[in-house]
Amino acid sequence: MALAKAQKQKMPKNKVYIGSRVFDVALAIFMVLICIVFIYPFLNVIAVSLSSNRMITTGQVTFYPKEILFDGYKLLLEGQNIFRAYGNTVIIAIATTVISLSMTSLLAYVMMIPDFVLKKPLAVFMLITMFFSGGTVPTYLLIQNLGLYDSWWALILPNAVTAYNTFLYRAYYKGIAQEIREAARIDGAGEFQILTKIYVPLSKALYATFGLFSVVTVWNSYYEALLYINNPDKQPIQMILRKIMFTSRISNMDAAQTAISNGALNQLNVQYACVIATIGPILLVYPFIQKFFEQGVQIGAVKG
């Protein structure tokens, strides 16, 4: 009787439907506003990089260019160090990502094996590194003593393995049925074969997500290069961007300085053109691995 009475007192379906529709509309409006907040600065950067000096100085440029000119991009690409810096960044990003994914996978797989003797000591050791670090000066001295100064290895090796990523990899591997691993061992497969032929193919979302995170981190990083890379021929693209943004100059860009001094070009044309040229490759890569993000971003929620 009580159950039947409770069912009669339920809210009518039409009221539930109206409330749900109101919530959906409010949520859609909120998400549109959020998109505008995030997209507008990007559109403004593009617009300013393509607008004339007069329009920029008078503040008439919003989210679309006015009096379009490509001189900022032209002068930027004429700099002899730009393409070399692009190539350096691509090499560093790819090498860092490949080494990081490989080394972290090996360590996480070993720590995932139940009967591995050093599993707990390794976990404790890596947990300590999450809370304590040597700092900038000891790391700089270590890089120097290892003979890595002024080489790309100074940017690649320190990011090869991190404790946080290792624990997430291990948690993801634990989510894969252990029966698969045991069946492979019965068939005579070694641990390395099990990792490369079973766990790696089943972890595409994991590698796509952390691979992109690694590439983006390396691509946007300039501090390590500022500390460890002295040779201009080995510097990444972010060092070129830093020179433009903070020192307002760049090697082999005397023509840009002359145009800015004469008022034919605004300093923001070159600065924002460099910003677009820097983030362009990441924007092109992201859509191809976006489909893995829905599953990949949930990795930290896996119990392990």
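**Note on two helix pairs**

1. Helix 10 (residues 178–186) packs against helix 11 (residues 191–199) at an angle of about 130°, and their axes lie 10 Å apart. The model is predicted; local features need pLDDT of at least 70, side-chain atom pairs count only at pLDDT 80 or more, and totals for chains, interfaces and linings use all residues. Numbering starts from 1 along each chain as its sequence is written, and side-chain values use heavy atoms, with hydrogens and water left out.

2. On terms: helices are DSSP runs (H or I, at least four residues), numbered from the N terminus. Axes are lines fitted to C-alpha atoms over the stretch in contact, with angles from 0 to 180 degrees between N-to-C directions.

3. Helix 10 contributes Gln178, Ile180, Arg181, Ala184 and Arg185 to the contact; helix 11 contributes Glu191, Ile194, Ile198 and Tyr199. Contact means heavy atoms within 4.5 Å. By class, there are five nonpolar, one polar and three charged residues.

4. Now the other pair. The axes of helix 9 (residues 163–174) and helix 12 (residues 204–220) come within 11 Å and cross at roughly 165°. That makes helix 9 roughly antiparallel to helix 12. The crossing is right-handed.

5. Asn165, Leu168, Tyr169, Tyr172 and Tyr173 of helix 9 meet Ala205, Leu206, Tyr207 and Phe210 of helix 12. This contact has eight nonpolar, one polar and no charged residues.

Methods. Angles under 35 degrees count as roughly parallel, over 145 as roughly antiparallel, 65 to 115 as roughly perpendicular and the rest as oblique. A crossing is left-handed if the near helix is turned anticlockwise from the far one by less than a right angle, and right-handed if clockwise. Ala, Val, Leu, Ile, Met, Phe, Trp, Tyr, Cys and Pro count as nonpolar, Asp, Glu, Lys and Arg as charged, and the others, Gly among them, as polar.
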